[in-house]
Amino acid sequence: MDWIRLTKSGRDLTGLKGRLIEVTEDELAKHNKKEDCWICIRGFVYNVTPYMEYHPGGEDELMKAAGADGTDLFDQVHRWVNYESMLKECLVGRMAVKPIAAPKEISSTLSEEKKQLNGMLPEKKVLGASARDLTPSYDWFQTDSLITIVIYTKQKDMNAELVIVDCEDKRLRGEIVDDHSYLVEVDLDHAVQEDVAVNIAEKVGKVEIILKKKDNIHWKMLGQALESHNTFIKRTERGLFYRKCKLVSKTEVTHDTKLLCLMLPRSTHLCVPVGQHIYLKQTIAGTEVVKPYTPVLPFLPLDFKEPPRHDGAHLYLMIKMYSCGLFTQALDHLQIGDYISVSNPEGNFKKSQVQTSEDLFLLAAGTGFTPMVKLLNFALTEVGCLRTVRLIFFNKTEDDILWRNQLEQLALKDERFEVQFILSQPAKDWVGKQGKISSSLLSECVKRSRKDSKVLICICGPTPFTEQGVQYLKDLGYSQEEIHTFTA
Ligand code: FAD
Ligand code: NAP
């Protein structure tokens, strides 16, 4: 908030009195000190010196890209942050050289091409033979009332979670996401109705996006290709796409945590996979602010015989409202019926990590419980070889425990599941475990059910909690492959 105030103060943050300049590589390199630090991100150069003291990661992190291209570093750490909005008052200008960076990883044939500044996407993709074989393609056809776009993904294990479709004001965006992203992005020739259907032939990897024509006329073409149409790039290189979702309910979970239910537009097809998060975006005091949240289920299903039916229309978010939180205070002020922007899902958890596990341990602190909700549901419903699932849930006080009742009921209902609550600031009458994450506590709670059973330990909470947890687990002999940390 202090940074936002400074950007609104009218102070000249670039030292250029409002002028924008063309910056050469040599010029950029000269501004490499804390008191005079320029950084290039995606072809735009920012004077980040005034921002140094506000950067959550500290000055040293920013200085790693001083006088240079920080795009890769930025993308690695927090590509979801809207730097254009955060740093707009620090914009010095554009790089003088228009970059033609080679597409990373897709094509080995281009590796000798000079890596240019800025990390901007290449204007034209030239793929090597092997990449071309994997590149999805699309086609379309029409009937009197329907337009069907068919995407041949060339992937055998297609499923609904890998397909994201949005259609708003004639603008159709269909994305197939995995480690790579294939995009169909078209300004449609004519208007279509709001509801969009998506059919997936999982075995053959064929995806159909079915649109209903508004008027039953013959379309001469599908529409105009937009900038990223028909591109196939690394997923992390694709910008996050947002759609506006309506807040339909807000219910209390604890004294400071609420369950928000957001409704996706009818023309959106989006399922957030287990272990992944989305980003919410709001404009606060004129600046776009983005924060990650992990969708949960509306409640913990107690009957795990059948996988729950997918309700693609709603997203449930369990969010702790911090009394001094910039984003959560604004969220808390949203009224039922208000809209908020929701991004595509991100995250590196793979269901296959748990599919072969016999013992699953979930270490959660506070709202670090949120990724565990879908994971618990998935594990108890769909992982046949699981013998034990144990949630070790760290909170300050009893009042902070999220869904305590539901968890206790689930433990009674399903003998594979056990929950243990550990409080760091318990009341005098607390008879359960108390303390913080520690080596002795973990050696007591995390144990293989058999000497060589396959184990997965998932951990989520405040960063120091997660880091300490990982270290203790390694000290106890668990390998990196047996531990998954949820992070942004
Ligand atoms: P800020 O303005 O950033 O901070 C204000 C004050 O709030 C801080 O001084 C501190 O006291 C407190 N605070 C803020 N952030 C944290 C934090 N991360 N840890 C401890 N104290 C903090 N939160 C949820 O409630 N539900 C989720 O499902 C969820 N999912 C997440 C998924 C990922 C991948 C990550 C990285 C974070 C997730 N978070 C979740 C945290 C969320 O992104 C925000 O950090 C949080 O809502 C606080 O934002 P804020 O702007 O209100 O607080
Ligand atoms: P909290 O209530 O402040 O803390 C929960 C428990 O963790 C408490 O027992 C607390 O003990 C302990 N704890 C806090 N900081 C610790 C530390 N440094 N070392 C050891 N134990 C610590 O937690 P919260 O406010 O709900 O925050 C939840 C966190 O989870 C946030 O940081 C959020 O960003 C993160 N989160 C991440 C993801 C994700 O990455 N996918 C998803 C959801 C949430 P004390 O009494 O000592 O404070």
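Student: Where does Gly-205 sit in the chain?

Tutor: Gly-205 is in the loop between β12 (192–201) and β13 (206–213), these elements being DSSP runs numbered from the N terminus (helices: H or I, at least four residues; strands: E, at least two). Bear in mind that this is a predicted model, where local features need pLDDT of at least 70 and side-chain atom pairs count only at pLDDT 80 or more, while totals for chains, interfaces and linings use all residues. Residues are numbered from 1 along each chain as its sequence is written, chains are lettered from A and ligands numbered from 1 in written order, and side-chain values use heavy atoms, without hydrogens and water.

Student: Why is Gly-205 called buried?

Tutor: Its relative accessible area is 0%, and buried means under 20% (exposed is over 50%, partly exposed in between; 1.4 Å probe, protein chains only). So Gly-205 counts as buried.

Student: Which residues does Gly-205 touch?

Tutor: Leaving out residues up to four places away in sequence, they are Ile-151, Tyr-152, Thr-153, Lys-154, Gln-155 and Met-158. Contact here means heavy atoms within 4.5 Å.

Student: What makes the phi of Asp-169 worth a look?

Tutor: Asp-169 has a positive phi, near 50 degrees, and isn't a glycine. You'll find Asp-169 in the loop between β9 (163–168) and β10 (171–177). Trp-403 also has a positive phi, about 50 degrees, without being a glycine, and is in the loop between β24 (388–395) and α10 (404–413).

Student: Buried or exposed: what are Asp-169 and Trp-403?

Tutor: Asp-169 has 69% relative accessibility, so Asp-169 is exposed. Trp-403 has 10%, so Trp-403 is buried.

Student: How do you know that Glu-175 and Arg-173 form a salt bridge?

Tutor: The N to O distance is 2.9 Å, and the definition asks for a side-chain nitrogen of Lys or Arg within 4 Å of a carboxyl oxygen of Asp or Glu. Side chains of opposite charge can pair when their charged atoms come close. The whole structure has 27 salt bridges.

Student: What makes Arg-238 a partner of Glu-175?

Tutor: Their closest N and O atoms are 4.0 Å apart, and this pair counts as a salt bridge. Arg-238 is in the loop between β15 (231–234) and β16 (242–252) and Glu-175 in strand β10, so the pair ties together parts 63 residues apart in sequence. Arg-238 is buried because its relative accessibility is 7%, and Glu-175 is buried because its value is 3%.
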